[in-house]
Amino acid sequence: MLAVMFAAFIIQIVFRYFFNFPVGWAAELSVVMWLWLVLWGAAFVLTDEEEIRFDLLSASVGRRARIIMGIVSGLALVVLYGAALPATYSYVTFMKVEKASYLKVRMDWLFSIYLVFLVAILGRYLWRLSYLVRGREPDRAEPTQTSSGL
Amino acid sequence: MTFASPFAAAVLAIVTLSLLGLPIGHAMIAGSLLYLSMKGLDLGTAAEQLLNGMYTSYLLLAIPLFILAAEFMNSGSIMDRLLRFCNALVGRWRGGLAQVNVLQSIVFASMSGSALADAAGSGKIMQTLMTKDGRYSASFAAALSAVSAVIGPIIPPSIPLVLYALVSDTSIGFLFLGGVVPGLLLGGVQMGLIAAQAKRRGFPVEAPVALRDLPRITWEAFPALMMPVILLGCLYSGITTPTEAAAAAAAYALLISALLYRSIGLRDVYRSLERSARVTVSIGMLIAGALVFNYVVTAENIPRTLAALLQAYDLSPLAFLLCVNLLLLALGCFLEGTTIILVILPVLLPTAQALGVDPVHFGVVAVLNIMIGLVTPPFGLLLFMMVKIANVSLRELVREVLPFLGVMLGALALVTLLPDLVLLLPRLAGYKG
């Protein structure tokens, strides 16, 4: 599904370049696709090993310490993201006053992916906390998997 | 700014959370949320910054497209043709295969914007070729693949330079042109070092390729070699925006690898798309985090305060650049480069401009520096990657990397001291700076 989304927006741009289509809607569509791709992917697709993180310290301490570190950081994330949820909801729903200029879609629909993202990340970290508390080790970062763009 | 200020708390939170192993993008968003709540501001501001920032930056779309283009070009048979072409050119020298490794990286650098993609793609092939029959030691081959991959994002296209263009409002076209000479310089000093070592270490020579075969080999590699020409042509003729040039490059790469060379099928296209999407997502999260955090930095007026502070010291532009180099090299030992570009450079940039440092020069120097950071121990992503690919120990790898690190730092110093190395080509293309 991810790939289909990706292909869709490349086709849009390629078409635009070759045939000089009325460009507004294609450009807008690809920007929307980009936004959704990143937030959707971060929420549901990316595995823990692929994320860009700083693991010099966590790789050098023992298993117990690593679990505790995972619990502390996970808790902090859940608390802060959770606290932001109501305000985010009101921002996103407030955006219904605007519409995208070409696609004629209400902005609150376009931006709703952020709410999905926030809730999904909350869920993911709560789940992660639940197994950390039971003493399972968090996944380690994998050097050949890290998806850095450098 | 007292220690208990919301800003200090936010920075502390980000550093602590990243140290504890949280993904850096999330750590930045979480820290910024902490700042907003301590300031009593609306927490929805984070969402607003992130969504609007992502939604209005059409430029950023170039990043997934460049990744995709490189992914398509990375297929086996294109790499083979490029290797044969490079071998025909420099294989006859002593240490020929080592030279091929560097030259291949230069050529591939003009098609891909990512050092890690370069190392992942050609690193394995070169490792097998170079260690066959024990011609080169495994650690030397791995070290060479790591250091030559550094050239990838200096020669255009370059993902780090796109990121820099985003935070600095500098033209991508001029930045790309500015990277050409430093990139070639980097390749040059690496090849020079190999030539200097070749005799002493008794590097083998490859069977020379007859000159009359050269046209055929070049012809076979020609469509792939045309890719940078098309890319840069689109950019500088002004027909297309950078994003569209990236799209054209991706489309061209797909065209030649799927139809002309028939090196990839539908399955591979799907796999390439998926892999690029995954990379895009993880960079995207970093960008998202940086967008939110940069709002905090701007709200606190940090860049301007710093600029005023440093201006009071009356630094010369050169002294400033040297300080920045040292700072970035130190940071590069511990931090991931994307984070440095997105978070640290925007803070330094106003100072650079106040002191009269050219933003294109500054960007290329900074990116060159950060790329060298990919092979500096203890935290160098390229090192980790080659340890994995070549199955050598980090200690042996680092020992072989060190001499190269030396000459690369020399090249960095040269580029820092002589802005013309960077600015010559952009000026020829009409850059006024």
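Visitor: Which residues do ring pairs link into a cluster with Tyr136(B)?
Guide: This is a predicted model, in which local features need pLDDT of at least 70, side-chain atom pairs count only at pLDDT 80 or more, and totals for chains, interfaces and linings use all residues. Residues are numbered from 1 along each chain as written, chains are lettered from A and ligands numbered from 1 in written order, and side-chain values use heavy atoms, without hydrogens and water. Rings of Phe, Tyr and Trp (its six-membered ring) pair if their centres lie within 6.5 Å; planes under 30 degrees apart are stacked, over 60 edge-to-face, and the rest tilted. Such pairs link Tyr136(B) with Phe140(B), Phe203(B) and Phe404(B).

Visitor: How many residues apart in sequence are the parts tied together by Tyr136(B) and Phe203(B)?
Guide: Their pair is tilted, at 5.2 Å centre to centre and 50° between the planes. Both Tyr136(B) and Phe203(B) are buried (under 20% relative accessible area, with exposed over 50% and partly exposed in between; 1.4 Å probe, protein chains only). Helices are DSSP runs (H or I, at least four residues), numbered from the N terminus. Because Tyr136(B) sits in the loop between α7 and α8 of chain B and Phe203(B) in the loop between α10 and α11 of chain B, the parts joined are apart in sequence by 67 residues.

Visitor: Is the pair of Trp219(B) and Phe222(B) stacked or tilted?
Guide: Trp219(B) and Phe222(B) are three residues apart in helix α11 of chain B, so about one helical turn separates them. Trp219(B) is exposed, at 65% relative accessibility, while Phe222(B) is partly exposed, at 38%. With ring centres 5.8 Å apart and planes at 15°, the pair is stacked.

Visitor: Which residue caps the N-terminal end of α9(B)?
Guide: Helix α9 of chain B spans residues 159–168, and eight of its ten residues are buried. Those buried residues pack against α4, α10, α13, α16 and α17 of chain B, where contact means heavy atoms within 4.5 Å. After the helix comes Asp169(B), with a positive phi near 60°. At the N-terminal end, the backbone nitrogen of Leu161(B) lies 3.0 Å from a side-chain oxygen of the cap, Ser158(B).

Visitor: What is the relative accessibility of Leu322(B)?
Guide: Leu322(B) belongs to a nonpolar surface patch with Leu318(B), Leu414(B), Leu417(B) and Leu418(B), which together have about 400 Å² of accessible area. The elements giving two or more residues to this patch are α15 and α19 of chain B, and Leu322(B) is in α15. Leu322(B) counts as partly exposed, because its relative accessibility is 40%.

Technical notes. Polar contact = N/O pair within 3.5 Å; in protein donor to acceptor, adjacent residues only side chain to side chain. Patch = residues over 30% accessible without salt bridge, like charges linked within 9 Å, V, L, I, M, F, W, Y side chains within 5 Å. Areas by Shrake-Rupley, 256 points an atom, 1.4 Å probe, with all protein chains shown as cover. Salt bridge = Lys/Arg side-chain N within 4 Å of Asp/Glu carboxyl O.
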